[in-house]
Amino acid sequence: MIIAQISDTHVSQNSADRTRRLEDFERTIDDINALEEQPDVIVHTGDIAHDGLPDEYAAAQAILAKASSPVFVLAGNRDNRKNLQQAFSSSGYFKANSEFIEYAINDFPIKLIMLDTLSSHSNKGDFCQKRAETLKQMVKAESAKPVVVFAHHPPFEAMECPDPFQFETQESMLRMRDALKAIDGLRAVFCGHVHRFDKGEVAGILATAMPSTATVLRKGIYPEGMQLRPVYQLHRFDPVLGFISETRIVEEKQPLRHHGLLQ
Ligand SMILES: [Fe+2]
């Protein structure tokens, strides 16, 4: 099974570089569509929109609608839960009015679990007892399958960041780590938020964060000539070998279509 991960597209209605962000997003989807071996799913690990506005979600949806593979989304701190739910709930994977955006996909050899790590108080992550309980219930259903978890905020300290700690409180991050540690079949945790590559672990299981799809917001050092080329992750899952992850750099010379969105 192949999972393509994209993150932090920050589609914006008002920022000066809004066209570039849309182009990065669109080129990334085009590149995934052109892969010889198509991914089974594409997961967007949040911060779909920069200000959580309905028009930003409409623009994001128009781009994601072109994806050849099924797309699953979760919320980041810049997202507005309500507007995201309204834009994407027709997929049927989550409800339009639930308190959190958290759900499991059981259609593949590995169970995909999407977590909601949003805090209503800050840009940092939160993981309350209620969400820990829901995670437990999601794992219980079809419990024989291995599990991969996706979340916006990485549950580890991203040491390269000016502020490595990504959660509101230590207690909240530890609650998430404990809930993850309790999953017997956990094989990986894939996140976004920090806009750069980072790697940690939860009970010896790989946990990573990936760069923002929006190149203008990407952190870290990239080789000359790569500044305008978005990157995405391909996570290949084999029941015996586990996950093997590859970073793809979007092809350099792709015609940029005029999308006419968010003028
Ligand atoms: Fe972000």
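**Ground rules.** I am working with a predicted model, where local features need pLDDT of at least 70 and side-chain atom pairs count only at pLDDT 80 or more, while totals for chains, interfaces and linings use all residues. Residues are numbered from 1 along each chain as its sequence is written, and side-chain values use heavy atoms, with hydrogens and water left out.

**Entry 1: the iron ion.** Which residues are the protein donors of the iron ion? I found Asp-8 (OD), His-10 (NE2), Asp-47 (OD) and His-195 (NE2), at 2.1 to 2.2 Å from the ion. Donors here are N, O and S atoms within 2.8 Å of the metal (3.2 Å for Na, K and Ca), and since water is not among the atoms, sites may look incomplete. The angles subtended by the four donor atoms run from 88 to 174 degrees, so the arrangement is irregular. For reference, four donors count as tetrahedral if all angles lie between 85 and 135 degrees; four count as square planar and six as octahedral if opposite donors are over 155 degrees apart and all others between 65 and 115; anything else is irregular.

Along the sequence, I read the donor spacing as D-x1-H-x36-D-x147-H. Asp-8 sits in the loop between β1 (2-6) and α1 (18-33), and His-195 in the loop between β7 (186-191) and β8 (198-202), so this pair ties together parts that are 187 residues apart in sequence. Helices (H or I, at least four residues) and strands (E, at least two) are DSSP runs, numbered from the N terminus. I also checked burial: Asp-8 and His-195 are both buried (buried means under 20% relative accessible area, exposed over 50%, partly exposed in between, with a 1.4 Å probe and protein chains only).

Entry 2: The largest pocket holds about 350 Å³ of space. Of its 19 lining residues, Gln-166, His-193, Val-194, His-195 and Lys-219 are the closest to its centre. I noted that His-195 is also a donor of the iron ion. A pocket is an open set of points on a 1 Å grid over the protein atoms alone, where a 1.4 Å probe fits, with protein on both sides within 12 Å along at least five of seven lines; lining residues have an atom within 4 Å of a point. Grid points are joined across faces, edges and corners, and a volume is the space filled by probe spheres set on the points.

The second largest pocket holds about 190 Å³. Leu-64, Val-71, Val-73, Phe-88 and Ser-91 are the closest to its centre, out of 15 lining residues. β3 gives the most to this lining, with three residues.

**Entry 3: salt bridges.** How many salt bridges does a search of the whole structure find? It finds 13, each a side-chain nitrogen of Lys or Arg within 4 Å of a carboxyl oxygen of Asp or Glu. Arg-20 and Asp-24 meet in one of them (3.9 Å, N to O), and both lie in helix α1, four residues apart, about one turn of the helix. Arg-20 is partly exposed at 26% relative accessible area, whereas Asp-24 is buried at 2%.

Asp-163 and Lys-124 form another, with their closest N and O atoms 2.6 Å apart.
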